[in-house]
Amino acid sequence: MDLKESCGSQGSHESSILHPTSWQAFAHASTLHGLRFIFPYGQPSLRRLLWAAALLACLGLLVLESAERLAYFFSYPHVTSMDAVVSCSLVFPAVTICNLNDYRFSRLTRNDLYHAGELLGLLDVHLAIPQPHLAEPDVLAFLEERSNFTAYRPKAFSMKEFIERVGHDLKEMMLYCRYQGQECSHSDFKPVFTRYGKCYMFNAVEEGKTLRTTMKGGTGNGLEIMLDIQQDEYLPVWGDTEDTAFEAGVRVQIHSQAEPPFVHELGFGVAPGFQTFVATQEQRLTYLPPPWGECESKALESGFFQVYSVTACRIDCETRYIVENCNCRMVHMPGDASYCTPEQYKDCAEPALAKLSAVESSNCMCRTPCNMTRYNKELSMVKIPSKTSARYLQKKFNKSEKYITDNILVLDVFFEALNYETIEQKKAYEVAGLLGDIGGQMGLFIGASILTILELFDYAYEVVKDRLLDLLSREEEEESHGEDVSSCDPVANHSGSISHTVTVPLQTTLGTLEEIAC
């Protein structure tokens, strides 16, 4: 009995070697490391268990490392790169200049005071002068003469026409202008409307005009302008209110031509009695869209601005908010809605803007544009006039030295150097990096590659195909066997009619299985 068992086990061992299973054959031919040692042709052994444990441990480490790489990939990381690029020429930025005083006092008419006196803070609700004892005699006399509305018939009033007419005129403010040493004039500035009223933009996009460029950096190679801020035209101050302005000078914003001015928030002040030097450097920024970043590149749905920018989004949001709540728009806002009246300005538009600014984070979500141009600024200033130039300027402009000190300023804007900075967000981890990392971990832990994975799929395909073919062949054999059995003729029973004995030879040749069955 022992001999039979030993012979049987030896036979099965030899059988497994001579006739291995398909999985054993695949394991020995696969490029996956260690698989052939786990499924050997011989009997199971301790070596097989050790190789199985090693492979499972390596697979576990591979899964952990791959999961960590996948988690890092789906965190969408990015890096920021900076570079300085030298250029032979640069487009000069747009320079928007606004006088800090919105309206010229001497240009106010009786009709202006009748309609907008309360908005300007010069008259009260009853169209009377508030606290006249605080006013200067000449100012009080002017207001008393213009605010006499006895038997007065008011005329039509438009806020846009009022701001255009009463706002400061650059032709009167400008004393001289030079660009790269060449003279320029007020016609080189485009009037624009902002929260400061009527402002002026140098090097704006206009039909028939090309943008100015510069081929040198440093002082004298940009815009130099001398202005008279006309403090004598400033509106008188009756008291301390939210809209009271105590400062004098101009507010300046340096920005791209594709970006509308937002001077009241992004501008810087230039004081009279000083020459202010503004050294600027262009920065070109590129941000990534979601999910790597939070930039926006689509134009606004309203169509007010062709190019998306944060300031364009802010102005668009403010415009829609004022139109929805006040059924009108302020003069500096785009669109086709009617302009607000002075009453709407005071009672609705200005309070609504203040309310919007307080809760702007939830109402106006303006993302950073994917591509934008920004200008860094470094300001320095010197006092003017000097003692030696004071008399010359007095004679030239026919003004006193005190007037020059209180009203005259010089603004000099230029590129610090003829280069620009690029700040670009880039994807820190892309699909190629993910595949490279996972492929490296697969090669390190299990010695596998993408072709190894294809081998597994190919083996699975072959196994499934063989099983299906076996199943189909069995079904065909069963069908053919059933047809053969049904085609056999039944043997007639002649026992009753046979009267003689039949002798059957002993060496009768046996027929086929079908014949025997029949």
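Two strands pair if DSSP finds at least two bridges between them. Helices (H or I, at least four residues) and strands (E, at least two) are DSSP runs, numbered from the N terminus. This is a predicted model, where local features need pLDDT of at least 70 and side-chain atom pairs count only at pLDDT 80 or more, while totals for chains, interfaces and linings use all residues. Residues are numbered from 1 along each chain as its sequence is written, and side-chain values use heavy atoms, with hydrogens and water left out.

Now the sheet. Its 5 strands form an open sheet in the order β6-β7-β3-β10-β11, with antiparallel pairing. At the edges are β6 (189-194) and β11 (268-270), each of which pairs on one side only. On average, neighbouring strands of this sheet are turned by 35° against each other, direction ignored. For that angle, and for the helix angles later, axes are lines fitted to C-alpha atoms, for helices over the stretch in contact, and angles run from 0 to 180 degrees between N-to-C directions.

Look at β7, residues 197-202, which runs antiparallel to β6 and is joined to β6 by 6 bridges. The two strands form a hairpin with 2 residues between them. T194 stands opposite G197 of β7, and V192 has C199 as its bridge partner. β7 also pairs with β3, in the antiparallel sense, over 3 bridges. There, V95 stands opposite F202.

Is β7 mostly covered or uncovered? It is mostly covered: 6 of its 6 residues are buried. Buried means under 20% relative accessible area, exposed over 50%, and partly exposed in between (1.4 Å probe, protein chains only).

Next, R104, in the loop between β3 (94-99) and α5. R104 is buried, with a relative accessible area of 3%. Its side chain reaches the backbone oxygen of R165 at 3.1 Å. The side chains of R104 and E172 are joined by a polar contact of 3.1 Å. A polar contact is a pair of N or O atoms within 3.5 Å; within protein, one must be able to donate a hydrogen and the other to accept it, and residues adjacent in sequence count only if both atoms are side-chain atoms.

Now the helices. The axes of α5 (residues 110-120) and α7 (residues 159-166) come within 12 Å and cross at roughly 85°. That makes α5 roughly perpendicular to α7. Angles under 35 degrees count as roughly parallel, over 145 as roughly antiparallel, 65 to 115 as roughly perpendicular and the rest as oblique. D112, L119 and L120 in α5 meet M159, F162, R165 and V166 in α7, where contact means heavy atoms within 4.5 Å.

Last, α4 (residues 46-73) and α15 (residues 431-445): their axes come within 9 Å and cross at roughly 170°. How does α4 run relative to α15? α4 is roughly antiparallel to α15. Residues in this contact include C58, L61 and F73 of α4, and V431, L434 and F445 of α15.
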